[in-house]
Amino acid sequence: MSTTADSRTALRICPLCEATCGLTLTIEGTRVTSARGDRDDVFSQGFICPKGASFGAADGDPDRLRTPLVRKDGELREATWAEAFDAVAAGLRPVVERYGPHAVGAVLGNPNVHTMAGALYPTVLLGGLGTHSLFTASTLDQMPKHVSSGLLYGDANAIPVPDLDRTDHLLLIGANPLESNGSLCTAPDFPGKLKALKARGGTLTVIDPRRTRTAKLADRHVAIRPGTDAMLLAAMAYVLFEEELADLGELAELVQGTDELREAVRDFTPEAAAEACDVDADTIRALARELAAAPTAAVYGRIGSCTVPHGTLASWLVDILNILTGNLDRPGGALFPQAATDRTPRPAGPGHGFALGRWHSRVSRHPEAKGELPMAALAEEIDTATAEGEPIRALVVIAANPVLSAPDGDRLDKALGSLDFMVSVDPYLNETSRHAHVVLPPPPPSQSPHHDFAFNTLAVRNQVRYTRAAVPLEPGRMAETEILARLVLAATGMHGADPSAVDDLVIGQTLGKAAKEAHSPAHGRDPRELAAQLTGETGPERRLDMMLRLGPYGDGFGVRPEGLTLEKLLDQPHGIDLGPLQSRLPQPLKTRSGLVELLPQPLADDLPRLRDALRRRPEGLVLVGRRHLRSNNSWMHNIPALTGGTNRCTLHIHPDDADRLGVTDGAPVRVKGAGGEVVAPAEVTDAVRRGVVSLPHGWGHDRPGTRTTHAAENPGVNVNQLLDGSLLDPLSGTAVLNGVPIDIAPTGTTP
């Protein structure tokens, strides 16, 4: 940090997307006036995108709530923090006590993984409530990858990432990192890494129905029919077996089920897949041959291949291709990161495995996945009575806006209005939080510390960074960590206790468990003595110190004096580089066999559905989503610097389809789906293939009762209103958001 007469600078890790770039903020008084990339950051090395450059505008948005709101006589009014938490306790506890814990639902949005508070406290809240009614953004995004990883490796969070800096051949399917900055693959300057791949003679292949910015950079762009990703990947696996190109290398002794897998994909010939995917058989064979021939290679799939009818199978097949070519767990392939706050690595060997369907949703009987129910089922779990227990009567919503992010927001909008009680932790009064009885606003990010617990487990290079708050907490504000700690207390019958009790409880439980684990550096030691060694100014910092000490690089509470502690991390404000990703198998495996299980039964049972899809070719137009570099779901449309230009809510349509349907560029078009209809301006472009139209996700800021002034001026339309929520990937419960049939027509005519 440096200071001049008029301003000072401070370091901050950007919380606005998954790239986690280091920033240098310029601060005048308590206001962030500019942000630039931190050139000394060990991970991002000065890279910055438009979102990071707009940190100050997002931080100082005048529409951010500054005090709690409590509903009185039907109207949300400013209140004190004490009044707000009194209202939370009075609203939640009676529901639990009368109807049971499952009558209280919890909704977690993806901003939770961008904050320390969101990483540290929701699990404590859920454990204290004991509810099975958990809904998160994962079932609108990446849950298929968690499920496939759980089934393959026994751990839903064991997600291999492409070794971008060392690979010779990268195949992307359903991913557009030049716009998204990467997802389930934490990589500052993803665009630069792709350009470096090509500069060193490597090959980039992109499979996407749109000619995205990423696709334009590719050596080969395959414009696949949306929703058929799993069929193409299965056909590539078929080619590897048929042409004897499969070579597991050192993985051979670590996997089981190779012969069963060969038999399972025998119907997915390139010729069978070609018509369904609208990709010719020769191209499919070439994709497989090129992958097998590369010295090193990695296949990486993201949201376009996840939010489709066969998302879990597609996610599984991404890893299958990496395995069959010997590229899993080797440099230049796909590797398992090792975060500094990971649990102490246990010895390799059989684990408990991964199970699906331990409970089911009440109305449609959807199986849980990773402890979650489908977000698409939230409305019916509130508004539909059945004999199977109580409906959800109270809701805790933390950093989520499912009215815009989930299918059929109109139905959910009405359902939220019928709740007995709802509390929302959110900086804005948005389309969802406007229904709350209590709104608890966290401070802006400059006033919060930052460590990336989740994203470091997905990072393309092992490193660790921590930044304290760049700006002191304003008077009248409450730290987000304290807000969530007090929410835990209010929801679990401990209202009024000191919030530090939550951190003390977690520390005691964690160290007590570690003391009993033979592989832990804390084994056999007194948890109270270990707790007394923790440093940090706050409970969250003490928890971070504990996790670092117990982690794979930690000092083990003095066992390894050279190891990590919070104090050592604070001495390195630009972070500590822990080196490139390393081969780690078999240690990460937690399957019952202790091996990579190539064909788990739930996946084998779902393959007939994929075989049936080979014979179906949908008629008419299908819809896909779209992401913008200057946006992140529904978060940032209230920041003027991040809207306009290409970040607009338009319907992309191919010129041939536009001519056929009488659609002209810029004219309003009526789009109709199973869940409703919207009207959006057409943008005629050959960036989408024929038969496909595209609307961006996260818009639709036109509902009354919100306080997002700029977003309301250019609200756009909610693409998810075109969906009725009935289409799900059955294994993961993930909503089908891409490849869904729609009808369009110029306004004034009927689709």
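1. Start with helix α6 (residues 143-153) and α15, whose axes come within 8 Å and cross at roughly 50°. That makes α6 oblique to α15 (angles under 35 degrees count as roughly parallel, over 145 as roughly antiparallel, 65 to 115 as roughly perpendicular and the rest as oblique). Axes here are lines fitted to C-alpha atoms, for helices over the stretch in contact, and angles run from 0 to 180 degrees between N-to-C directions. Helices (H or I, at least four residues) and strands (E, at least two) are DSSP runs, numbered from the N terminus.

2. A word on the source: this is a predicted model, in which local features need pLDDT of at least 70 and side-chain atom pairs count only at pLDDT 80 or more, while totals for chains, interfaces and linings use all residues. Residues are numbered from 1 along each chain as its sequence is written, and side-chain values use heavy atoms, with hydrogens and water left out.

3. On the α6 side, the contact (heavy atoms within 4.5 Å) is made by Pro144, Lys145, Val147, Ser148, Leu152 and Tyr153. From α15 come Gly311, Thr312, Ser315, Trp316, Val318, Asp319, Ile320 and Ile323. The contact of α6 with α15 divides into eight nonpolar, four polar and two charged residues. In this scheme Ala, Val, Leu, Ile, Met, Phe, Trp, Tyr, Cys and Pro count as nonpolar, Asp, Glu, Lys and Arg as charged, and the others, Gly among them, as polar.

4. Helix α15 (residues 311-324) also packs with helix α24 (residues 601-614), at an angle of about 115° and with axes 10 Å apart. That makes α15 roughly perpendicular to α24. The crossing of α15 and α24 is left-handed. Thr312, Leu313 and Trp316 of α15 make the contact with Leu603, Asp606, Leu607 and Leu610 of α24. By class, that gives five nonpolar, one polar and one charged residues.

5. Do look at Asp606 in helix α24. Is Asp606 buried or exposed? Asp606 is buried, at a relative accessible area of 7% (buried means under 20%, exposed over 50%, partly exposed in between, with a 1.4 Å probe and protein chains only). Apart from neighbours within four places in sequence, Asp606 is in contact with Leu313, Pro730 and Leu731.

6. Helix α18 (residues 409-417) has Gly409, Leu412, Asp413, Ala415 and Leu416 buried. They cover an arc of only 165° around the axis, which puts them on the same side of α18 (the arc is that of the directions from the helix axis to the C-beta atoms). Lys414 and Gly417, on the other side of α18, are exposed. The cover over the buried residues of α18 includes α16 (378-383), β16 (394-398), α17 (402-405) and β17 (421-425).

7. Finally, some backbone geometry to check. Most residues other than glycine have a negative phi, and most peptide bonds are trans. Asn181, in the loop between α7 (177-180) and α8 (190-199), has a positive phi of about 70° although it is not a glycine. Asn181 is buried, with a relative accessible area of 3%. Glu244 has a positive phi of about 55°, but Glu244 is exposed at 72%. Leu585 and Pro586 are joined by a cis peptide bond, with omega about 10°.

How values were computed: A crossing is left-handed if the near helix is turned anticlockwise from the far one by less than a right angle, and right-handed if clockwise.
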